[in-house]
Amino acid sequence: MAAKELPAWNELPAGAIIIEPGNSAERYTGDWRVFRPVIDQDKCIRCLLCWVYCPDSVFEIVDEPYVSSKGRKYKFTLKIDYYHCKGCGICVEECPVDAIDFVEEVK
Amino acid sequence: MAVTIQRAKVEWKRLPLSSNYAVAYAVKDLDVDVIAAYPITPQTTVVEKISEFIANGELNAEMIHVESEHSALSATIAASAAGARAFTATASQGLELMHEILHIASGLRLPVVMSVATRALSAPISIWNDYSDLMNTRDTSWITIIASTAQEVYDSVVQAFRIAEDPEVMLPVIVAYDGYIMSHTYEPVLVPENNEPILKYAPKNYNRIKLDPERPVTMGTLASPEWYYEFKYQQVAAMEKALEKAREADKVFAEYFGRGYGLVEEYMTSDADIILVAYGGLFGTIKEAIDMMRQNGVKVGGLRIRLWRPFPAEDVKNALKNAKLVVVIDKAISYGARIAGPVALEVMSAFYHDADKPSILSIIAGIGQRRITEETIKEIVDYSRKLLERGRIPNESLYWGVRGVRYE
């Protein structure tokens with residue numbers, strides 16, 4: 001991520017108080033990742049175990065129908081929010097059909 | 001900001017109070033909302049008296065009984081975070097147990113006020129006075145006032161809440177005084193018949209950011225390396241501001257109530273060759289000793305450090321700059337330092353960059369309440385004059401009055 005201009009000491013609320021609630025979504029935790037989970041949409045059976053197990057709730061259920069190479073029809077697609085995914089690999093471990101690859105991040 | 005306040009019409013009553021009771025009366029008159037404390041010698045009677053006020057219905061406040069000082073300050077912080085005017089009191093081991101929470105109070109910028117009846121630290125156990133406990137709080141970002149009379153203790157607690165809750169300061173304040181020597185001796189103290197003028201002088205600041213379900217905020221956040229430093233610098237800036245605000249608070253107090261102390265107290269300094277620097281109740285003894293020595297024509301004066309943090313370096317320098325020798329008497333030891341007196345170090349660093357400065361001698365005395373009388377002060381001054389004549393001031397602290405250590 002490119003270096004952003006962060007606020008000066010006198011532009012911040014005193015005592016590191018967060019005045020606007022619910023802003024942890026703004027925290028960029030994606031750069032903690034060493035390995036990146038990548039979903040193989042063709043192998044994926046939409047069981048949603050990854051969605052259940054993910055500690056950071058990065059799995060998004062997107063309204064995009066999908067037809068697999070074997071002709072199986074799905075009403076939705078799964079996508080990963082890489083801004084927040086820390087690369088813990090729990091989804092990779094839990095996926096019953098090995099549909100999630102774990103790829104090393106290369107700069 | 002110029003503040004013009006006319007002399008308040010206050011009806012004072014004169015009561016015999018220990019410094020501990022003077023604190024309790026100030027807490028009552030300031031209408032403090034929440035008090036959390038744990039008893040420790042010699043602070044206990046502060047909170048006993050406050051409990052009495054609450055039980056009598058003289059003070060409408062919540063007294064939280066806790067199981068340790070760590071919890072006492074934590075509960076005080078929580079009350080302050082919720083917007084209450086909050087107070088605690090401790091000493092010695094209790095203050096040490098609070099230590100990590102001291103940094104949290106100042107880091108969260110909560111205007112907590114605490115009184116400390118200073119006492120020596122274990123081991124070996126000593127329930128008697130010195131300032132080892134207080135000096136360990138030096139770097140915690142608490143504003144610190146050291147009072148020298150019970151009246152000043154009362155007045156300083158009142159000033160403390162005004163300074164702490166100032167929107168431009170928002171830092172916690174310690175009001176310290178000698179354990180036993182002051183905490184348990186009685187002096188006449190003027191307290192007001194009703195507390196209206198006190199609250200007018202130190203109004204409650206309820207408009208600050210607080211924990212409020214209607215307007216939620218997060219306190220006690222985590223700051224990663226790219227954020228933390230800025231918040232610490234905010235505290236540096238707030239301390240700078242506090243120096244100005246403490247000066248103003250005392251000036252307005254003097255105008256309003258007719259009693260003022262300054263950030264330092266000078267005694268016969270203008271023509272003095274030797275000036276003794278001290279803090280707390282010891283200064284009373286020093287003034288007596290100065291009177292006695294002046295009768296014999298010794299040109300000696302005294303300077304009391306009243307505001308310890310932020311350190312009023314310019315006031316100190318102005319008072320001391322014409323002296324030949326400054327003798328700083330510390331009642332605490334920074335072990336392993338050549339200059340082991342915390343205040344002596346501060347006075348020296350204030351002068352460091354000046355070409356023209358007085359010689360400064362650091363003396364350690366009164367450790368574990370080893371007695372310091374007027375005679376002791378005279379001996380210290382006699383020895384200091386001898387050093388001046390020899391023209392060699394030792395660049396290390398002298399440990400006055402230890403058996404087996406003699407300075408020739």
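Reader: Hi! Which strand does β5 of chain B pair with, and in what sense?

Author: Strand β5 (residues 113-118) of chain B pairs with β7(B) in the parallel sense, over six bridges. Pairing here requires at least two DSSP bridges between the strands. Strands are DSSP runs of E with at least two residues, helices are runs of H or I with at least four, and both are numbered from the N terminus. This is a predicted model: local features need pLDDT of at least 70, side-chain atom pairs count only at pLDDT 80 or more, and totals for chains, interfaces and linings use all residues. Residues are numbered from 1 along each chain as its sequence is written, while chains are lettered from A and ligands numbered from 1 in the order in which they are written.

Reader: Thanks! Which residue stands opposite Ser115(B)?

Author: That is Val175(B), in β7(B).

Reader: And how many bridges join β6(B) to β7(B)?

Author: Four, and β6(B) and β7(B) run parallel. Ile146(B) stands opposite Ala176(B) of β7(B).

Reader: What unit do β6(B) and β7(B) make with helix α7?

Author: Together with α7 (residues 150-164) of chain B, they form a right-handed β-α-β unit. Right-handed means that, with the strands pointing away from the viewer, the path from the first strand over the helix to the second runs clockwise.

Reader: Is β7(B) buried or exposed?

Author: Six of the six residues of β7(B) are buried, so this strand is largely enclosed by the rest of the structure. A residue is buried if 20 or more other C-beta atoms lie within 10 Å of its own, exposed if 12 or fewer, and partly exposed in between, with C-beta atoms placed from the backbone. Of the 408 residues of chain B, 51% count as buried.

Reader: Switching topic: how is chain B divided?

Author: Into domain 1 (12-257) and domain 2 (264-399), with bounds from an automatic or database domain assignment. Their C-alpha centres lie 28 Å apart.

Reader: How many residues are in contact between these domains?

Author: 25 residues of domain 1 of chain B are in contact with 21 residues of domain 2 of chain B. Contact means that the C-beta atoms, placed from the backbone, lie within 7 Å. On the domain 1 side of chain B, α6 (132-135), β6 (143-146), β7 (173-178) and α9 (225-257) each supply at least two of the residues that touch domain 2 of chain B.

Reader: Which one gives the largest share?

Author: α9(B), with five residues.

Reader: Last one: how many residues does each chain bring to the contact between A and B?

Author: Chain A brings 11 residues and chain B brings 16 residues.

Notes: Two residues are in contact if their C-beta atoms, placed from the backbone, lie within 7 Å.
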